[in-house]
Amino acid sequence: MSCHEQEHPELAAAMSNNGFDWLEDSISFLAGDVDIAGGYGWWSNPAEAQQDDIGSVVAQTLSPPAPQPTTSSPLAHASPNIAYPPVSSPSETSSKKRKSPAHKASNNSVSNQRRRAEQDRPGAGGGKKGGSKGGGAGSDRDTRWAEQLLNPCAAAVEAGNLSRAQHLFYVLGELASFSGDANHRLVAHGLHALSRRLPAAVGTAAAASVRVPPCECPTPAFAGAEPRLFRASLIRFHEVSPWFALPNALANAAIAQAAARGAAEPRPLHVVDLGVSHGVQWPTLLESLTRLPGGRAPPSVRLTVAGPTATPPAPFSASPPGYDFSPHLLRYAKSINLHLAISRAGSLDSVHGFAAAGEALVVCLQFRLGHAAADERADILSKVRGLNPELVVLSELDAGGDGTAAGEFTARLELLWRFLESTSAAFKGRDGEERRLLEAEAGTSVTADAAGEGRDAWRERMAAAGFEEAAFGGEAVESARSLLRKYDGGWEMSASGAAGAVALRWKGQPVSFCSLWRPACSG
């Protein structure tokens, strides 16, 4: 039995040049209603055109995306306690999976496996049709049938219950699709993660006795994508989703405030980029620096980009060979009369070589530590503290588990569900190269071995590393709220008081947080 894959028409072009009217109504992020998510035309033009109108990165204000209706499978209105969904996803009705005689002969066995999985699933009421008692799962949970298969399978794998794992693998193999709705896609990514986890959990010999449906993601690795597709996917994702765009906007506002603070005369600004924006974040920061009131623009800006080897591997942290945003960003800085230098550091230790006396040093640490082990996180934060920065921006996924392997799998699976569901809404349910590339990279998060941490755990970790939390300015928070209104209505944010993180949520459930930190005063 194999994981089947349905081909869909791709979106017309990775990045259209139409609709980008540059150099009009230039807007700083620090002023009112900014569209930080739009206006990436300085990267979207074909290379052969050799156009340097990078000023457009903050000049264009796109119309807010129209609210997208929530799409659901035919199962969305039926309780998962009644029946499992059909094997084909809604988008697959026009092309059925070809079945061999052996496959047809096994249909009854598969049906039995499904019934057994239904009976064993928590809250299934002993396999009887009807709602579960004492559920409290809520209507949203009722549509999320994928987790009700994947989580028991993960528990069976960790417990070494091979017979139960086997029949759940059979069912998952029938339902997995990297091009169905969010549930089918979640099953595909979860099945892939569990198949990789199986040998480590039960041993190689025991794992060999379990028939796992092959379900390799057909999409190339994020860091192995063609550079233009990689670039177009990043830009498109920032335009349609606040997943990274909102933390980036908050970080830029805080950095600009740090540049304007302090000495009587403006100081050089040095930003250490330990993030996943691959350059998409910085044009708006540069523009906002030129618009600081009172001529407070820094005389020079240095951007030190810490490569993927500076931290343990994390989703979205690596870029493909041949991808380099530096020439575009340098030309843009020149066009707005800002002196910019870009350095690259293989490790945090080498950042010291780029630091200079009298500069305002800011470390932007975004979405790079969530997959590191506890001791690795502590070591990296210790090195960051050793740089003695004026400000540290920490953005991370809010994904704390219970410490067990199955519990961590469940926590990461929930977060992946929010990514897949929100991305489906962002792309209006349409498939395409950009969406598949992003989802494939997000799916790698489920295979992580390190324990996830929630916002409170990160707060404790930062305090232990010698930092104290700082507050975002009110203007930055309000601008972020304005930005969020440009996206799907399922997104919301909350700011925790005078000194605290700004949290991003999808349908009321935590996704990530962005927080500010300064070196704690000794004594």
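**A cavity and a helix pair**

Helix H15 supplies the largest share of the lining of the largest cavity, four residues. Helices (H or I, at least four residues) and strands (E, at least two) are DSSP runs, numbered from the N terminus. This is a predicted model, where local features need pLDDT of at least 70, side-chain atom pairs count only at pLDDT 80 or more, and totals for chains, interfaces and linings use all residues. Residues are numbered from 1 along each chain as its sequence is written, and side-chain values use heavy atoms, with hydrogens and water left out.

Select Pro315, His371, Leu397, Leu415 and Ser445. Of the 22 lining residues, these are the closest to the centre of the largest cavity. On a 1 Å grid over the protein atoms alone, a cavity is a set of points where a 1.4 Å probe fits but cannot get out; lining residues have an atom within 4 Å of a point. The space inside is about 290 Å³.

Like H15, each gives the lining at least two residues.

Now select H15 (residues 405-426) and H16 (residues 433-443). They pack at about 170°, axes 10 Å apart. Axes are lines fitted to C-alpha atoms, for helices over the stretch in contact, and angles run from 0 to 180 degrees between N-to-C directions. So H15 is roughly antiparallel to H16 (an angle over 145 degrees).

Which residues of H15 meet H16? Show Leu416, Phe419, Leu420, Thr423 and Ser424 in H15; they meet Arg435, Leu438, Glu439, Ala442 and Gly443 in H16. Contact means heavy atoms within 4.5 Å.

Notes: Angles under 35 degrees count as roughly parallel, over 145 as roughly antiparallel, 65 to 115 as roughly perpendicular and the rest as oblique. On a 1 Å grid over the protein atoms alone, a cavity is a set of points where a 1.4 Å probe fits but cannot get out, and a pocket is an open set with protein on both sides within 12 Å along at least five of seven lines; lining residues have an atom within 4 Å of a point. Grid points are joined across faces, edges and corners, and a volume is the space filled by probe spheres set on the points.
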